[in-house]
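I opened this notebook to look up what surrounds the ligand.

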Amino acid sequence: MSNDVWVVADLKIDGTIRKVTFEALTEAKKKLVGKLGGKLCAVLLGSGVSGLEAELGKYGAEKVYVVDSDLLKDFNTEGYVNALGELIKQNEPAVVIAGNTVFGQDYFPRAAARVGAGVAMDAIKIDLSGDNKLQIERYSHSSKAIQTQVFHDGATMMATVRPNSFKAEESPTTPEVISGSVELNPADIHVKVLELQTKESDRPELTEAERVVSGGRGLASEENFKYIYELADILGAAAGATRAAVDAGYCPYDMQVGQTGKAVSPNLYIAIAISGSVQHFAGMGSSKVIVAINKDPEAPIFQKCDYGIVGDLFDILPPFIEKVKALLSE
Ligand SMILES: Cc1cc2nc3c(=O)[nH]c(=O)nc-3n(C[C@H](O)[C@H](O)[C@H](O)COP(=O)(O)OP(=O)(O)OC[C@H]3O[C@@H](n4cnc5c(N)ncnc54)[C@H](O)[C@@H]3O)c2cc1C
């Protein structure tokens, strides 16, 4: 068993590295690497990924393990599990971290099972316990409680971290690149990605956004969601929604925030005509500042927000949008 700490790079569809990878590298260096006395390493899995090592070095990765294979093109769960599992067996790192993204939630627990490691999901804090075991904090009970989990055996300790939980800070180094140590076998991969259809959007991705503007059932129609999109675009924010709004057909499912949608952790979350159910809160409760607009002064969202405006969204939003535009153009 080595004392190294690994961060698995999370790639976007366009092949660039997600911010959560840099956040995890920064936090791992601060909280884990010094105390464990090993190296900070990154793992780069994908197709045509060679060349991205320098970016990982910018955030402190001293070593980058690369598996560059056509079999990993467009993200392949089994390919990722086989590649990461084999790398862990060969090198026995102390800790392995990945982003708690849609991909991370998919392959990472399977990779942990493959190597017989424990796994903690969706950490908002990482540290070491007194006896140098990985200790994490995560939300539980629909974000109403924070749970501390600590590993207790000597095997590799694995965890995913929630995007936007840590600040990414550059700490440039030139990493040693290790490639070719894992050969993937096509016979071990039973599912092929045949086609990938992407949705073009100029808005930031919901799970990574610094600001999110979300709408609920109170918007009352797909047409009225234009207010959400307009405000989001002015603020450079992502657009989100409640399940009730999605179920009513006002917007697509990929905008759903909550227990059965996406988890977000922005600096600013604006909740418009959203009552504030526990299931919605489960996905946005870790937002740093929550602003609510709701016409019902008794709406539960007002118990949870930092700033609340009681009133009809159709009266408030048009002048509010104009005011924000004017302020930003000054
Ligand atoms: C297993 C399970 C999983 C779930 N997962 C999720 C999930 O992932 N995400 C999620 O969001 N929900 C989820 N839900 C649903 C959740 O319980 C709520 O039903 C949902 O969050 C309510 O959405 P809402 O706030 O948009 O609607 P409502 O609760 O109907 O609230 C609408 C609000 O809009 C306000 N309003 C109406 N008109 C106006 C106006 N003109 N101006 C200002 N305010 C106005 C009203 O006062 C009200 O507070 C889940 C439920 C279950 C059972």
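I count a polar contact as a pair of N or O atoms within 3.5 Å; within protein, one must be able to donate a hydrogen and the other to accept it, and residues adjacent in sequence count only if both atoms are side-chain atoms. The model is predicted, so I note that local features need pLDDT of at least 70 and side-chain atom pairs pLDDT 80 or more, while totals for chains, interfaces and linings use all residues. Residues are numbered from 1 along each chain as its sequence is written, and side-chain values use heavy atoms, with hydrogens and water left out.

I looked up Gln259 and found a polar backbone atom 3.0 Å from an oxygen atom of the ligand. For Arg243, a polar backbone atom is likewise 3.0 Å from a ligand oxygen. At Arg217, a backbone N or O atom lies 2.7 Å from an oxygen atom of the ligand.

Entry on the shell. I found 25 residues around the ligand, each with a heavy atom within 4 Å of it. Among the closest are Thr242, Thr260 and Ser275. By class, the shell has six nonpolar, 14 polar and five charged residues, with Asp, Glu, Lys and Arg as charged, Ala, Val, Leu, Ile, Met, Phe, Trp, Tyr, Cys and Pro as nonpolar, and the others, Gly among them, as polar.

Entry on rings. I found 10 aromatic pairs, meaning Phe, Tyr or Trp rings (for Trp the six-membered one) with centres within 6.5 Å. Phe22 and Tyr59 are stacked (planes under 30 degrees apart), at 4.2 Å centre to centre and 20° between the planes.

Terms used: Rings of Phe, Tyr and Trp (its six-membered ring) pair if their centres lie within 6.5 Å; planes under 30 degrees apart count as stacked, over 60 as edge-to-face and the rest as tilted.
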